[in-house]
Amino acid sequence: MKVSYYPGCTLRNKAKDLDFYARECAKVLGFELEEVEDWQCCGGAFTSSSDEIATKLSSVRALKAAKEAGQPLVTVCSACHNVIKRTNAAMKDPAFAAKVNAYMKQDKDFTEDYNGETEVCHYLEYLRDKVGFDEVAKKVVNPLTGRKIAAYYGCLLLRPGKVMAMDDPENPVILEDFIRALGAEPVVYPARNECCGGYMAIENADAAKKRSLSVSESAANHGAAELVTACPLCRYNLVKSGSELPVLYFTELLAEALGVKEANA
Amino acid sequence: MSVTNEEYRPLIVAFCCNWCSYAGADLAGNNRLAYPADVKIIRVPCSCRVNPAFILRAFQRGADGVIICGCHPGDCHYTSGNYYTRRRMALLFSMLDYLGIEKERTRVEWVSAAEGAKFAATMNDFCKTVAALGENKRLEDLRCKK
Amino acid sequence: MQKVTRDILVNKAKELLANGTVDRVYGWKKGEFAYDVTPALFKSEKELDEFVFGDFCGANVSKYLVAESKKAGGKILVFLKPCDTYSLNQLTTEHRVDREKIYAVGIPCEGMLTGSALKDKVDSVLSVETEGDTVKVETLYDGVKTFPASDLLPDRCRNCKSKKHVTYDELIGEDGEVLDSGRFDEVEKLEKMTPDERFAFWQGELSRCIRCNACRDVCPACTCEKCVFDNPKSGLENKAAADSFEEKMFHIIRAFHVAGRCTDCGECSRVCPQHIPLHLLNRKFIKDMNTFYGEYQAGEVVGNRPPVVNYTKEDIEPSEAVKRGE
Amino acid sequence: MTNTKRMKEDILRMSGVNPRKCMKCGKCSGTCPNYDEMEYHPHQFVSMVEEGRLEPLLASKSLYTCLSCMACIERCPRGVEPAKLIEAVRLLKERQKDGNHLTANDIPARIDDDMPQQAIVTAFRKYTK
Amino acid sequence: MQRIGVFVCHCGTNIAGTVNVEAVSDALRKEPGVVFSTNYQYMCSQAGQDIIKNAIAEYKLTGIVVCSCSPRMHEATFRKTAASAGINPYMVEIANIREQCSWVHKDTLTGTEKAIILGRAAIAKVNLNAPLTPGQTPVTKRALVIGGGIAGIQTALDIADAGFPVDIVEKKPTIGGKMAQLDKTFPTLDCAACILTPKMVDVAQNEKIRIFSYSEVTEVHGFVGNFDVTIKKKARYVREDICTGCGACTEKCPQKKIPNEFNLGMDTRRAIYIPFAQAVPKVATIDPDHCNMLKNGKCGVCSKVCTAGAIDYNAKDEFLTEKYGAIVVATGFNPIPMDKFDEFAYSQSKDVITSLEFERLMNAAGPTGGKLLRPSDGEHPHTLVFVQCVGSRCEACAEKGKEYCSKICCMYTAKHAMLTRDKYPDTEVYVFYIDVRTPGKNFDEFYRRAVEEYGVHYIKGMVGKVSPEGNKLKVQASDLIENRQIHIDADLVVLAAAIEPDKSARPLATMLTASMDTNDFFTEAHPKLRPVESPTAGVFLSGACQGPKDIPETVAQAGAAASKVIGLLCKDQLTGNPCVAHPDEMMCSGCSNCEKVCPYGAITYVDKEFRMPDRTTKVRRVAQVNEAVCQGCGCCTVACMSGAMDLKGFKNEQIFAEVDAICR
């Protein structure tokens, strides 16, 4: 099974592990990430304003490419996922889509209008819905038995809940189920869907630190020994928070359990 | 007996529901709120009793305007009758308009039993509008005028 | 043009008669002329020799099932084009047919030609054949003439709303999709005219009406035990019109009576000997109901509640409804 | 139309938010993780836009302290979506002359080697036009 | 052909001042069917009525037209006059030439002309009138109350008090409902059990009342005065007539770990149980999902300890069908589930509870014996946070929550806060509110006492997030008055969950053909003037099934519903409105359109055999109108395409005739 894959710029630079392990694990799990050709940066943040057209074009191009390939578009980075999924939802509004398509007609290789047909799927959702966590569990060679891992969702995977529709935005279970499938013990703590401080790190590092520290402390208080996330910026903030807890990407954790990590060591 | 009058007067048929609008018309009377005698009221139990055929028949026989009055939506004595009226008349009026018949000749108005003033004002306004359109030529059955 | 052949249908009919699934078949047989195909009931394998199928089998046989399905005996086999299946569903919804007594075989349709369009073009037709998209007509006086099939397609086929069978017991060929048709374009064009232009248009069309009642008699939504126009007690009895208004009244009331139940099968316009575009009245109601009360397709699902016998508390006011076009 | 009125209309159109849906419960501000960094809080954005008091908002640092975490959007019982409103006010400001909050030159000094690209592009999108 | 008499009233000068009554009676005399026409000063006076009576006798009149004031004024008078002179009262029509003519037009010429036209229309109608007789149906003098909470209890007691037998059907093993779970009641703070349990005993002891507990209504047929109702008595595996309620079985049953629903799962019960000490009927019930004996045939302890021999493991569900004249719906409410509001950490911490759970915690018969202890660790909480409007007043399209105000939360929260501070002065109590709504007698005073006497901290704002950290609940909220965000380390958080109608209400409404709103509350026959009646005749509404209500309101409505029921059951016969819909079966196509629009469920369909002109028989599906249920709106007549459905008294041909007469 082949799926279209949108890595995003951070995964090409600061978060190479996130990307590398995603691809390698996919092979073990029986699907292939086919990188969208000539993808462009999603811009990192979705601009909800209805008159923002240009900021959405890069996402639409990736979505269109997936549509033409007849594949779902899989993302790994939370930010890219949020931007692309919301852009896709916006494209289902005919009035908005008409404006964007009018713009896109200037593209050299323009073929047909895009109206939100592509299925946007986060890697985790793909594991849950298409592969099945049961199947993932069967492929585990190094069960992470005894490890107490706290899932950190942050904002972008879950909200806005109606659009992202990944899980219950206030009481999500997907990452916990994922951790359980790998043989570890998930730690549920209240701050798992509270903001890490996000891009505030650039302007006001202290404020961002305050936020991320409250997250890692909450996780530690509930008995977590490590944190897992899907977002490079969350990871950055959590690492910089000064907490002792190691912060891993979920693909890294997956790679460890599937034996992919040691194979590539 | 017919009245010879220089001025053109339209013929208006008003269907009023028994519970709200007919009582509203009575209240207009109680308060002596004048409106033209062109308006002739037919009492029906509920505005939903008004069959589109009644309206067309009135036009066919020479009415210049037809107005249907019922309880305000939500206040129907029979709970839901006027909701059906609203749908039926929206569709009928739109169809008459589609056939090129002046849409000002038909109207639905919600008049409660307390709205005597509204009833009179509505009838005054409707008569004025229909009078301005002149005689109903597009819908009348010429045989009946002979 | 049609992808299914007569032989496929006849073989299917024979098979179902033989294995006892059905004991009679509704289909089509040849009429007086090549383009004049008419619905017919076949009660035995032998009778099926007269069964025809081709590009002029446009007649919607659903309505015939109203009477037929109430008769004693076994199941009736009927071949239904996609648009006919909507009628069958609607009739089932209204308890007018006994669906249990019907064995519906869905057949694909590539659009059905109309005899009236052909007659407008040529006289004295001897035979008609279609090859691909070309219609070859052999005439008595003018030799062989050819036309593109699209010239002979009625509006309902040019703007086909659906190639999907919404009900069937068996399907021949593959099922299609609901189409994104331009069937309301004509209605919109009329809506954009001034009231005077519209009046003139309809005056021109409806004044040609000869009150032959063909539109009513063929309409699968017009299955009343006794039509109000024939019923002295209805207050609307009117067998023949005496002036122009009565045509309008007849057609408005007929359109209103079928509003929410009309599946837009287009039979009314097909059979009108005066070529009155009656479907434009029905489509106006359909379009209005879609815009005012949300998309609704009569016959799509058995048991659906037509918008005219439904309401919401937030419905549009009649005064707003007529303002839409402005 | 006055300038304020036009700006308010722009904000409502851009954001798609109807501030009249707000029942003034304050859940948005109760939920906001960056509340203490903000001069005007989410519920104030909603009521001030509705009242047409845009100048203080446009001049406020609060435009850049919203984390866009969408917690207020998720938890608002009336579906008002305050964060979208804040974003629209910020865009309005940035689209004005000299409205950019940061320039490319400001960035290098503020980041370390580990800073992911994602943060930088997000900041650009949030802070500049 | 009718023989019609026309009677034009002067109404002193009220009519005669603007209308030439002489000209009117002269003109109308020439109308078809009219054999007599006159005018008189006051037609409604005894002398005027005598003129009518005499004319009926003298001219053998079959129809009457009175040109007078509004029919809303004197139609009944003239109908009685006609009846006393021997003609059917429905052969009378009124032409309203006062309110709708002489009083609104000034000019005599136009007034007279219009009066003639109105008279003409009335004559045209009478020509087509037919005598009508209202239907009579006998009334079964027994009422059914569905739901045994305070609403159902009160309704049943009031009906029984008037001497009519009443059955209560309650789906739980005991009556009592939500009120039995409450601790104190606002605004007087009397104990709920102290005022409710005597009423429950009254019900049990009342000879007129039968209780079907652990039972459900499964089928309803018939109509006002004559309902046939099927009741399912679920197998409780304990014989009600033998069980003494001693409770020995409930102590010996080895299955101990079953969440006790009466205490909302905060403690446990056995597989055989009596919900609470004052249960009515006080008999045990076996929970078949947890009983070892029923599940795998191994145990039988309860049977061994039952000295009365009441245990019957072979019991089956029983169905019985009863006849009733009236049905009262009292199905009540439930708090909505809190699983969609996990920002308040309800599923993450045992110490985040709903208000109903708080009631149990404060209740002397509750899981903690009335001591306020944290569910997680049994510690005494010092800081309590109450959150108002959880799931109430949400956006209409929201997937979570309800659009309406749940009405009772402001008051019970004030009560909870007050009781907490009263019993435990060492606590700090915070209430987060959007608005405090206290429209009720002594309600605002009560709320103010909570603030002023008990020092409850009322904070205008909403809680955004509750985070369980350690043994504290970190509450993050806004304080809108001080424009700050506040953080409270709480020990217990209480959520005022919105309330919603019981889930059994919707299927019940379908059975009863009673209408509901989008929130599944039953709708009233009229929101202001008939608030305790359903639009379906013979179905009445009591309590929160109609909308959120507190106890006094519920009891008031219960009494009102009872009085409506009593009024109905007092009658031996029900006289209907004769102006009802009537199908011409030969014309009916059986399409069901009329059935769909009927707001009263008065129309049903039957397959009927018809003899055709060719002497064959044909079975056709045709509409039937239940004249006892039809209210005569006429909606069905327009929905009917074939014109088969008509409305007596307002027939199609009558209205056409009026139109024609006016447009002549």
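Two strands count as paired if DSSP finds at least two bridges between them. Helices (H or I, at least four residues) and strands (E, at least two) are themselves DSSP runs, numbered from the N terminus. The structure is a predicted model, so a few ground rules apply: local features need pLDDT of at least 70, side-chain atom pairs count only at pLDDT 80 or more, and totals for chains, interfaces and linings use all residues. Residues are numbered from 1 along each chain as its sequence is written, while chains are lettered from A and ligands numbered from 1 in the order in which they are written.

Strands of a sheet pair through backbone hydrogen bonds, either parallel or antiparallel. In chain B, four strands make an open sheet in the order β2-β1-β3-β4, and the pairing is parallel. At the edges sit β2 (39-44) and β4 (106-110) of chain B, each pairing on one side only. From one strand to the next, the twist averages 20 degrees. Zooming in, β1 (residues 12-17) of chain B runs parallel to β2(B), and the two pair over six bridges. Within this pair, Cys17(B) stands opposite Val44(B) of β2(B).

Helix α18 (residues 652-662) of chain E lies across β1 and β2 of chain B, running at about 170 degrees to β2(B). For such angles, axes are lines fitted to C-alpha atoms (for helices over the stretch in contact), and values run from 0 to 180 degrees between N-to-C directions.

Now for the chains together. Residues are in contact if their C-beta atoms, placed from the backbone, lie within 7 Å. Six pairs of chains touch, and chains B and E have the most contacts among them. Here, 41 residues of chain E meet 36 residues of chain B. On chain E's side, α4 (98-102), α5 (108-126), α17 (635-639) and α18 each supply at least two residues, with the largest share, eight residues, coming from α5(E). Sorted by class, this side of chain E has 21 nonpolar, twelve polar and eight charged residues. In this scheme, Ala, Val, Leu, Ile, Met, Phe, Trp, Tyr, Cys and Pro are nonpolar, Asp, Glu, Lys and Arg are charged, and the others, Gly among them, are polar.

Chain E touches chain D as well, with 16 residues of chain D in contact with 18 residues of chain E. Helix α2 (residues 27-31) of chain D gives the most to chain D's side, four residues. By contrast, chains A and B do not touch, and their nearest C-alpha atoms are 27 Å apart.

Technical notes:
Contact = placed C-beta atoms within 7 Å.
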